[in-house]
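Here is a short report on selected local features of one protein chain. Keep the sequence and the model open while reading.

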Amino acid sequence: MNKPLVGAFLAALLLGAGVAPAVAAEPAGSTSEVSAEAAPQTKYTAPDTVPAAKAVTFAGTVALSNCSGSVVRSPDAAPTDPALVLSNGHCMESGFPGPGEVVVDQPSSRTFTLLNASGSGVGTLKASKIAYGTMTDTDLSLYELTSTYQQIEDSYGIQALELETAHPTAGTAITVASGYWKRTYSCDIDGFVYQLKEGRWTWKDSVRYTPECQTIGGTSGSPVIDDATGKVVAVNNTGNESGQECTDNNPCEVDENGEVTVREGINYAQQTYNMVPCIGAGSTIDLTREGCALPKP
């Protein structure tokens with residue numbers, strides 16, 4: 001995983017040695033990053049021409065103590081709804097949830113540094129709870145804040161990033177915006193992975209980046225933004241660091257036939273369109289809503 005800064009230590013503390021699926025922050029200047037690639041049949045071939053990319057800024061991203069994240073909203077969110085922060089399940093302060101574990105409505109007082117377009121911290125946001133978190137099938141966490149979307153915009157002039165409602169497509173130009181490092185990574189979606197296995201965890205339909213996105217520890221939880229629309233299509237979470245097969249920090253790809261592929265130096269993300277149907281009025285996470293397919297407790 002794109003380990004949190006304290007990922008390796010935290011994993012050993014909470015789960016025992018050898019468990020650290022997500023990559024957190026590493027020392028500045030480090031070149032190690034998580035890797036990810038999709039099954040060969042889904043590999044993307046660049047077209048002759050591509051649309052011009054829009055400039056992606058840090059506005060709406062946040063820095064956690066050990067990871068990155070972003071203030072996000074569904075298309076139907078009201079200005080008076082409590083704001084939500086998106087990050088990885090492996091970035092939760094409660095530690096890596098085990099396979100099959102789903103966290104809902106867990107009290108939290110975690111704080112986040114809100115960034116403006118240039119990457120400067122402009123304020124501190126506070127959580128009231130972990131509304132949802134898991135590392136089963138996907139790797140995401142959603143924190144409900146004590147502030148509404150309108151209050152954040154009024155106080156800081158910053159709007160939440162909108163979540164895309166449709167499955168992304170191969171070839172899409174994307175930017176991974178890390179609030180922790182105040183650094184962006186630009187590349188394309190190379191394809192999608194039927195199953196991505198790392199240590200004890202398995203994720204489904206993961207996004208594989210083209211090699212240009214060499215994300216590093218601390219970029220875990222960064223929003224993956226479609227350059228053309230400015231919407232969030234995924235959340236950055238892992239990559240294969242040293243070419244090992246299906247081990248911690250070395251995820252492998254498994255296709256529909258069970259064939260395993262290892263892509264050293266390639267990084268991955270988890271799609272977010274599938275969580276939009278689970279967000280109801282008042283930013284409530286309702287796993288019984290029509291179309292909601294997120295894992296349930």
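## Basis of the model

This is a predicted model, in which local features need pLDDT of at least 70 and side-chain atom pairs count only at pLDDT 80 or more, while totals for chains, interfaces and linings use all residues. Residues are numbered from 1 along each chain as its sequence is written, and side-chain values use heavy atoms, with hydrogens and water left out.

## Disulfide pattern

How many disulfides does the structure hold? There are 4. A disulfide here is a pair of cysteine sulfur atoms within 2.5 Å. Count the bonded cysteines along the chain, and the pattern reads 1-2, 3-4, 5-6, 7-8.

## C67 and C91

C67 is bonded to C91, with 2.1 Å between the sulfur atoms. The torsion about the S-S bond is -85°, a left-handed link. This pair connects distant parts of the chain, 24 residues apart. C67 sits in the loop between strand 1 (61–63) and strand 2 (68–73). C91 sits in the loop between strand 3 (82–87) and strand 4 (102–107). Strands (E, at least two residues) are DSSP runs, numbered from the N terminus.

Both cysteines, C67 and C91, are buried. Buried means under 20% relative accessible area, exposed means over 50%, and partly exposed lies in between (1.4 Å probe, protein chains only).

## C187 and C213

The bond between C187 and C213 has an S to S distance of 2.1 Å. It is left-handed, at -100° about the S-S bond.

## C246 and C252

C246 pairs with C252, S to S 1.9 Å. The torsion about this S-S bond is about 95°, so the disulfide is right-handed. C252 is buried because its relative accessible area is 0%.

## A buried serine

S222 belongs to the loop between strand 11 (201–209) and strand 12 (223–226). Its relative accessibility is 0%, so S222 counts as buried.

What does S222 touch, leaving out residues up to four places away in sequence? The list is S68, V176, A177, S178, A234, V235 and N236. Contact means heavy atoms within 4.5 Å. With S68, the side chain of S222 also makes a polar contact of 3.5 Å. A polar contact is a pair of N or O atoms within 3.5 Å; within protein, one must be able to donate a hydrogen and the other to accept it, and residues adjacent in sequence count only if both atoms are side-chain atoms.

## Two positive phi angles

Most residues other than glycine have a negative phi. D205 is not a glycine, yet its phi is positive, about 55°. D205 lies in strand 11. At a relative accessible area of 27%, D205 is partly exposed.

S283 also has a positive phi, near 65°, and is a residue other than glycine. S283 is placed in the segment after strand 16 (267–271). With a relative accessible area of 3%, S283 is buried.

Technical notes: Helices (H or I, at least four residues) and strands (E, at least two) are DSSP runs, numbered from the N terminus.
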